[in-house]
Structure formats: structure tokens, C-alpha cells
Amino acid sequence: MGKCDLCELKEYTPWYASFTQPFKFTILDCDSCDTPMAVLGAHRAAPTDEERAFMIDALSLVARAKYGADEFIIDGVMRQIPDHCHMHARPKRWRNW
Ligand SMILES: [Zn+2]
Ligand SMILES: [Zn+2]
């Protein structure tokens, strides 16, 4: 069934959480950026507003523990795989973007 790398998430990197309710998504370290990211469990580009809000909340919990409150931003730009919804939590001091 896998259509892209985000459909076939491999456990190369630490997983923080894998949700099945209220919808499927996973929070894990991105193996190219080395920052936490949330990946929707379905191959589509756009989440619903509810999905987006829930993913941001859950990813923010992980990012707060890792970087500290207010020390990260949620980056919803999908550079490498634009057709599968995902978002990164990046430390504010991130330089490469
Ligand atoms: Zn996909
Ligand atoms: Zn990344």
C-alpha cells in the first residue's frame, strides 16, 4: 500500500507517539532534519482543520519537552514530500531554512 516514504514509516529514528484515535498519525524524529515531526496516517496533502489542530497540539507537547516552551516553531511546509501531510517542530534557532 505504501506510496511514499511517509506511508512506509520505518523505525530508523525514535518514535514519540503513534495515534490511532481520533485518527491515525505518528510523531517521530525526521531522519533528514533530526527534529520531531508529525505524519498523517493517510496519503493526502491536506489535513482537515481538526486533524491539523490535533497534530499541532500533540507535536507541540513533544517539542516543548525537547526544546522548551516557546523555543520551537511548527513548520508545516512540505519540501521533500509535498503530497503527504506532515509537519516539523523546529527549534527557533534553526539556520537552514
Ligand atoms: Zn504517503
Ligand atoms: Zn525533515
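This is a predicted model: local features need pLDDT of at least 70, side-chain atom pairs count only at pLDDT 80 or more; totals for chains, interfaces and linings use all residues.
Figure 1. Residues 49-67 make up α1, a total of 19 residues. From its first C-alpha to its last, the helix reaches 26 Å, close to the 27 Å expected at 1.5 Å a residue. Just after α1, Gly68 adopts a positive phi of about 100 degrees.

**Figure 2. Buried residues of helix α1.** Five positions of α1 are buried: Glu51, Met55, Leu59, Val62 and Ala63. An α-helix has 3.6 residues a turn, so residues three or four places apart point the same way. The cover over the buried residues of α1 includes β1 and β2, together with β3 (36-40), β4 (72-75) and β5 (86-91). Across the protein chain, 24% of the 97 residues count as buried.

**Figure 3. The five-stranded sheet.** The strands are arranged as an open sheet in the order β1-β2-β3-β5-β4, with antiparallel pairing. Strands β1 and β4 form the edges, each pairing on one side only. From one strand to the next, the twist averages 15 degrees. In general, strands of a sheet pair through backbone hydrogen bonds, either parallel or antiparallel.

**Figure 4. The hairpin of β1 and β2.** Strand β1 covers residues 15-19 and strand β2 covers residues 25-29. The two strands pair in the antiparallel sense over four bridges, and a hairpin of five residues joins β1 to β2. Two of the facing positions can be followed in this view. Trp15 has Leu28 of β2 as its bridge partner, while Ser18 stands opposite Thr26 in β2.

**Figure 5. The protein chain as a whole, for orientation.** The protein chain holds one helix and five strands, which follow one another from the N terminus as β-β-β-α-β-β. Along the principal axes, the C-alpha trace spans about 35 × 25 × 20 Å. A compact globule of 97 residues would have a radius of gyration near 13 Å, and the 12 Å of the protein chain therefore agrees with that expectation. Among contacts between residues at least 6 apart in sequence, 47% join residues at least 24 apart.

Definitions and conventions
Residues are numbered from 1 along each chain as its sequence is written. Chains are lettered from A and ligands numbered from 1 in the order in which they are written. Two strands pair if DSSP finds at least two bridges between them. The expected span of a helix is 1.5 Å times one less than its number of residues. A residue is buried if 20 or more other C-beta atoms lie within 10 Å of its own, exposed if 12 or fewer, and partly exposed in between; C-beta atoms are placed from the backbone. Two residues are in contact if their C-beta atoms, placed from the backbone, lie within 7 Å. Axes are lines fitted to C-alpha atoms, for helices over the stretch in contact, and angles run from 0 to 180 degrees between N-to-C directions. The radius of gyration is taken over C-alpha atoms; the globule rule is 2.2 Å times the number of residues to the power 0.38.
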